[in-house]
Amino acid sequence: MSDIPSDLKYVASHEWIRDEGDGVVTIGITDHAQDLLGDVVFVELPEVGAEFATGDDLGVVESVKAASDVYAPLSGEILAINGDLEDAPELVNSDPYGDGWFVRLRLSDTTEVDDLLDADGYAELCEAES
Amino acid sequence: MGQKTALYDKHLQMNAKLVDFGGWDMPIHYGSQVEEHHIVRSDAGMFDVSHMTVVDVTGADAKEYLRYLLANDVIRLQEQGKALYSGMLNETGGVVDDLIVYLMTEPDVTGEWFRVVVNCGTREKDLRWMADHTAQFDNVALTERPELAMVAIQGPNALAKVTSVLSEARVKLINDLKVFQGRESEGWFFARTGYTGEDGLEVMVPEEYVADFWQALADAGVAPCGLGARDTLRLEAGMNLYGSDMDEKVSPLMANMGWTIAWEPAERDFVGRKALEKQRETGVKQKLVGLVLESRGVLRSHQKVMINGEEAGEITSGSFSPTLGCSIAMARVSADIADTCHVDMRGKLVEVKVVKPSFVRNGEKVYS
C-alpha cells in the first residue's frame, strides 16, 4: 500500500497539494504515482511566473518506463520550482511528499481547493484503479 | 495469474515488483531499476531468466539440421561448449527468432548434442517452426527442457562471486571457460554468456536446486535484478530485443545482424538464404543505428526519426542510459543517414547523434 498523508489534498491525476496558507500551495506527485512510474530520470518544470488553469500541462516526468504529463491541479501562478530535481530527479522516488516537490503555486481562485480529494477519497481511487 | 518460475517465492521474499512478461509473472525490479543497472556495471547482479525456452537438439542429423535451420553456421563451433548467436529466419529472410546455440559434445562426434535457447514470448511459434523443419532429416530429436531453471549472473565481480558458492570441481570448470563457452556439470550448465555487455555467467539449474542457489548467491553479495535493468543493460550493450528491434518482417541485414549470417560455404542452403542473397545484391534501404540524445528527455520506441523534415524511420528501442546519464536508442532508418538527425519527441523535434548501435561495454562508453 502506498503512503497517503492525511494532511494533504489530492487529485485523480495523482498530484498532491499542500496548503501553505495565504493562498499558496505546494504541488508534487504522489507515492502511488512515483511507484507506477519507476525510477524518475528527468523532470521538466515550468518557469517561475507562468500561469496555469486547472488541468493544464504543468510539466513532464520521464521515468525509465514512460513519459508522463503533470497537470495543474488548481489555477494560479508559479511562485517557485524545485531546482533540485534537475540534478536529483530520484528525489521524486525517495521523498515524493518532501524533497521531491515540484512547484509552489499562488492560487487565482481559492474556492477550487474545495473540489480536491482528501486522503480517504484518494486512497479509494487508487484502490479502484489497481 | 501468469506462470511462475521456481524462483517465484524468492522474488516475493526479496520484495520484487512483478509484472506479466510473455505470460510469466517476472520481477521488473526489486526497488530501483537504475540501482540494479549500476550494480551490474560495477559489481554483480543476478536475473531469473527461467522463462526462456531451452531445447536440446540431438541425433545423427542434428548438425545438418541446424545448418539448414539457422543463418549462422554451427560448423563454426569447433570446441566443446562453444556458443553461437544466430537468427532463425523464414523464407523471406525475416527473423523468426534470435537464439544462442551451444555445442554440448565434442565437435564432429557421431550424434552431436546441441542446446538452443530461444525467447520466451516466441516459444510456441519457435517449437512449431523447429519441429516443422525436421521433416527432411531422418534422425533429429528436439527435447524441450522446461525443468531447467536459468539464472544469469552478470557484472565485473560475477565470476568471483558465483565461484565462491560452488564446489571445487565446478569452480575449476568455470575458471576454464572461455568467453561464449559453456560446460555441463551433473545436470547443471555453466555458460560464460549474457545479455548485459559485462562478463558473467548464465547458469541452467535443475529447478529443485535453484532456490538454494539463488539464496547462496544473494548471501555472497549478488544483488537480485529485474527485467527492467536487463533491458537498459542490453540496450547500452547494443543487443537486439526480439519483437522490438527485429521480427518476422525484418531482415537481419536491417537489424545489425549481418555479422550473424554465414554466407560461406556458398553451397550451404539455409532457410531464408535465397531472400538474403537477393537483398545483398540489391542492397537494403534501411539499417539499425544507435541514437544518443545529449540534451534532456528520453527517447522511446516508435518515436519517428526525421531527416530534413521528412520521416526517415523510427526508434525500435529507446530508454534512459543509467551509465551514460542520457537517453539512447536503437532506430531503423534510411541506410544513407548522416551523423545527426532529429526525433519527433511528443511533438517536438530534437536533435540526436547517430552512432553505431553499441553504447557501453564492460562499464565504459564505446561510441564516439
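How much area is buried between chain A and chain B, and what share of it do carbon and sulfur atoms give?

## The interface

In this predicted model, about 1,300 Å² is buried between chain A and chain B, with carbon and sulfur atoms giving 44% of that area. On the chain A side, Asp39(A), Phe42(A) and Val64(A) do a lot of the work: they supply 45% of the area that chain A buries against chain B, more than any other three residues.

As for who touches whom, 16 residues of chain A are in contact with 14 residues of chain B.

## The fold of chain B

Now for chain B by itself. Its secondary structure comes to 21 strands and 9 helices. The radius of gyration is 21 Å, close to the 21 Å that the globule rule gives for 368 residues, so chain B is as compact as a globular protein of that length. If you'd like a picture in terms of a box, the C-alpha atoms of chain B fill one of roughly 60 × 50 × 40 Å along the principal axes.

Take the contacts in chain B with a separation of 6 or more: 67% of them come from residues 24 or more positions apart.

Of the 368 residues in chain B, 57% count as buried.

Terms used:
Residues are numbered from 1 along each chain as its sequence is written. Chains are lettered from A and ligands numbered from 1 in the order in which they are written. This is a predicted model: local features need pLDDT of at least 70, side-chain atom pairs count only at pLDDT 80 or more; totals for chains, interfaces and linings use all residues. Side-chain values use heavy atoms; hydrogens and water are left out. Helices (H or I, at least four residues) and strands (E, at least two) are DSSP runs, numbered from the N terminus. The radius of gyration is taken over C-alpha atoms; the globule rule is 2.2 Å times the number of residues to the power 0.38. Buried means under 20% relative accessible area, exposed over 50%, partly exposed in between (1.4 Å probe, protein chains only). Contact means heavy atoms within 4.5 Å. Buried area is the accessible area (1.4 Å probe) that two parts lose on being put together, summed over both.
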